[in-house]
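Trainee: I have a model open on my screen and would like to go through it with you. Could we take it one question at a time?

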Amino acid sequence: MYEFSKAYSLLNAGEAKGVQPSDYVVPDDVKAAGFQICADELGSIVEGHDVKKLKFHGGVNGIAEKLSTSTTKGLSGDSDARHRRQEIFGVNKFAESEVRSFWVFVYEALQDMTLMILGVCAVVSLIVGVATEGWPKGAHDGLGIVASILLVVFVTATSDYRQSLQFKDLDKEKKKISIQVTRNGYRQKLSIYHLLPGDLVHLSIGDQVPADGLFVSGFSVLIDESSLTGESEPVMVTSQNPFLLSGTKVQDGSCTMLVATVGMRTQW
């Protein structure tokens, strides 16, 4: 009987090997800032839906404690404390693609087949005209075609360039979303760009999840993850399946979420 118990204990130890708390070492800069868990570890828990690792860190309450926050009062502290948190965990913004220059649109306009044919005609006209009538009389027709091509190209490129700038501005406006957050024990409106790991976010029907996080409390929460997975079937989020991913939408119910990772570290 003793041998069986010993073998069973060794088996359990083998299954847990590689995911025990002792295997995770808190980086020095994270520890110096007053936290007991880093952004990479948080990302692996939420994105990987790693229930075992979550339990090893003490569940949602344990994560909150390691993030120096509260699951009831949210983040506390002054702007300096928030700045330190931002330095360790990052900001809730994504790297934006560079605005294409005007000359890129000029190049694209020149790829039009009709303009390319006209360009060939302009060259032929110039060669034949100069050869038969000399310069500059024989170049009038060819230069006229070249001027027409350039006019069309620059008008098209200018129009497309201005549209691209307008779309970028509209996209920025569309992303200026405010959500309900609890900080210092008070519920307040906050831009999603100001969210930090440890924040308590309140979500209801129709809201887009602004960052990767963990379910704290709520009821009947159904999440539409089709934007990430392509699956049309909603996912129920509970204390047993507490993972919420950035970019998904609340289809039903309401809940409070503990922000785990933000910006480029999220699933979105």
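Trainee: Where is the place of serine 68?

Mentor: Happy to start there, and bear in mind that this is a predicted model. Serine 68 has a phi near 55 degrees, a positive value in a residue other than glycine. At 35% relative accessibility, serine 68 counts as partly exposed. Its place is in the loop between α5 (59–66) and α6.

Trainee: Serine 220 also has a positive phi although it is not a glycine. Which strand does serine 220 lie in?

Mentor: The phi of serine 220 is about 50 degrees. With a relative accessible area of 45%, serine 220 is partly exposed. The strand that holds serine 220 is β4 (residues 212–224).

Trainee: Let's turn to α6. Which residue caps its N-terminal end?

Mentor: Look for a side-chain oxygen 3.3 Å from the backbone nitrogen of aspartate 80. At the other end, α6 is followed by glycine 90, whose phi is positive, near 90 degrees. The oxygen at the N-terminal end belongs to aspartate 78.

Trainee: Within what arc do the buried residues of α6 fall, seen down its axis?

Mentor: The buried residues of α6 are Ala81, Arg85, Ile88 and Phe89. Seen down the axis they line one face of the helix, because they fall within an arc of 80 degrees. An α-helix has 3.6 residues a turn, so residues three or four places apart point the same way. As for what covers these buried residues, it includes α2 and α3, and the arc you asked for is 80 degrees.

Trainee: How many residues apart in sequence are the parts tied together by phenylalanine 35 and phenylalanine 89?

Mentor: That pair is among six aromatic pairs that a search of the whole structure finds. The ring centres of phenylalanine 35 and phenylalanine 89 are 5.1 Å apart with planes at 70 degrees; over 60 counts as edge-to-face, so this pair is edge-to-face. Phenylalanine 35 is buried, with a relative accessible area of 4%, and phenylalanine 89 is buried at 2%. Since phenylalanine 35 lies in the loop between α2 (28–32) and α3 (39–47) and phenylalanine 89 in helix α6 (residues 79–89), the pair ties together parts whose separation in sequence is 54 residues.

Trainee: And is tryptophan 103 buried or exposed?

Mentor: Tryptophan 103 belongs to one aromatic cluster with Phe102, Phe105, Phe154 and Tyr161. At 57% relative accessibility, against a cut-off of over 50%, tryptophan 103 counts as exposed.

Trainee: Which residue has its charged end over the ring of tyrosine 193?

Mentor: Tyrosine 193 is in the loop between β2 (186–191) and β3 (200–203), and is partly exposed, with a relative accessible area of 24%. The C-alpha atoms of tyrosine 193 and serine 178, 15 residues apart along the chain, are separated by 8.8 Å. The charged end over the ring of tyrosine 193 sits 5.4 Å from its centre, and the residue is lysine 93.

Trainee: One last check, on confidence. Which element of the protein chain has the lowest mean pLDDT?

Mentor: The protein chain averages a pLDDT of 85, and 90% of the residues score at least 70. Over residues 1–19, though, pLDDT stays under 50, and the model has five contacts beyond four places in sequence for them. Where pLDDT is low, the predicted coordinates should not be read in detail. Among the elements, β3 has the highest mean pLDDT (96), and the lowest (41) belongs to helix α1 (residues 2–16).

Conventions. Residues numbered from 1 in each chain as written. Heavy atoms only, no water. Phe/Tyr/Trp six-rings, centres within 6.5 Å; stacked < 30°, edge-to-face > 60°. Helix = DSSP H or I, 4+ residues; strand = E, 2+ residues; numbered from the N terminus. Buried < 20%, exposed > 50% of the residue type's maximum accessible area, 1.4 Å probe, protein only. Lys NZ or Arg CZ within 6 Å of the ring centre and 35° of its normal. Arc of directions from axis to C-beta. Contact = heavy atoms within 4.5 Å. Polar contact = N/O pair within 3.5 Å; in protein donor to acceptor, adjacent residues only side chain to side chain. pLDDT = per-residue confidence, 0-100.
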